[in-house]
Amino acid sequence: MTSKDIKAIEFKTKFGGYNAQEVDAFIENVAKAMEALETENSQLKFRVDQLTEEASVAQELEKTLRDTMVNAQLSANQIIDDAKLTAMKIESDAQTDAENLRLQAQGALSQAQVQADEIVNQGKVVAKNALANVYELRKLIGEYKSKITACMNEQLDVMEKYFADIEADE
């Protein structure tokens with residue numbers, strides 16, 4: 001049921017029936033409350049969509065970072081292998097230079113590994129936060145649905161009591 005449905009409700013009048021102005025005022029209040037809840041629900045759905053998109057971007061970033069780490073590892077391994085082959089072909093002095101290059105490459109690899117780990121961890125934190133926000137918004141949507149249902153049930157109880165009182169008076 002929407003606020004438009006509530007506004008469109010018309011009751012038949014009969015002798016000794018409800019006060020039409022009170023009923024119309026009540027319906028208008030219920031319709032306004034429903035309209036506000038519909039607006040809020042729409043905004044929350046929009047925010048969930050935004051957070052879902054952010055989580056998707058974070059997951060893509062994490063995959064790209066993983067692929068980059070693999071490529072960096074393969075490249076580093078190739079550099080180390082090339083350095084070893086060169087060291088075997090060169091005399092004693094060249095072997096010392098090759099060893100220095102290998103150590104530098106390992107240092108660069110270690111630095112790259114640390115940086116890549118930091119980037120991956122940051123991506124995981126962003127993804128975790130985005131997912132937490134999505135779950136929180138889903139929880140809020142559930143809470144608002146419960147509140148709307150409770151409100152509608154209260155209104156039905158009030159109307160049923162009102163009708164019962166009228167029938168008892170007749």
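pLDDT is the predictor's confidence in each residue, on a scale from 0 to 100. This model is predicted, and that score is the place to start. Helix α1, residues 3-8, has the lowest confidence in the chain, with a mean of 76. Helix α3, residues 92-169, has the highest, at 90. Across the chain the mean pLDDT is 88. Of its residues, 98% reach 70 or more. Where pLDDT is low, predicted coordinates should not be read in detail.

Now the fold. The chain holds 3 helices and 0 strands. Along the sequence, the pattern reads α-α-α.

Next, the overall dimensions. Along the principal axes, the C-alpha atoms fill a box of roughly 115 × 25 × 15 Å. The radius of gyration of the chain is 34 Å. A compact globule of 170 residues would have one near 15 Å.

Burial comes next. Of the 170 residues, 20% count as buried. The cut-off for buried is under 20% relative accessible area. The accessible surface of the chain comes to about 12800 Å². Carbon and sulfur atoms account for 55% of that surface.

Last, the charges. The chain carries 19 positive and 31 negative charges. How far apart are the mean positions of the positive and negative charges? The distance between these mean positions is 2 Å.

How values were computed:
Residues numbered from 1 in each chain as written. Predicted model: local features only at pLDDT ≥ 70, side-chain atom pairs only at ≥ 80, totals over all residues. Heavy atoms only, no water. Helix = DSSP H or I, 4+ residues; strand = E, 2+ residues; numbered from the N terminus. Rg over C-alpha atoms; globule rule 2.2 N^0.38 Å. Buried < 20%, exposed > 50% of the residue type's maximum accessible area, 1.4 Å probe, protein only. Areas by Shrake-Rupley, 256 points an atom, 1.4 Å probe, with all protein chains shown as cover. Lys, Arg positive; Asp, Glu negative; His and termini not counted. Charge placed at Lys NZ, Arg CZ, Asp CG, Glu CD.
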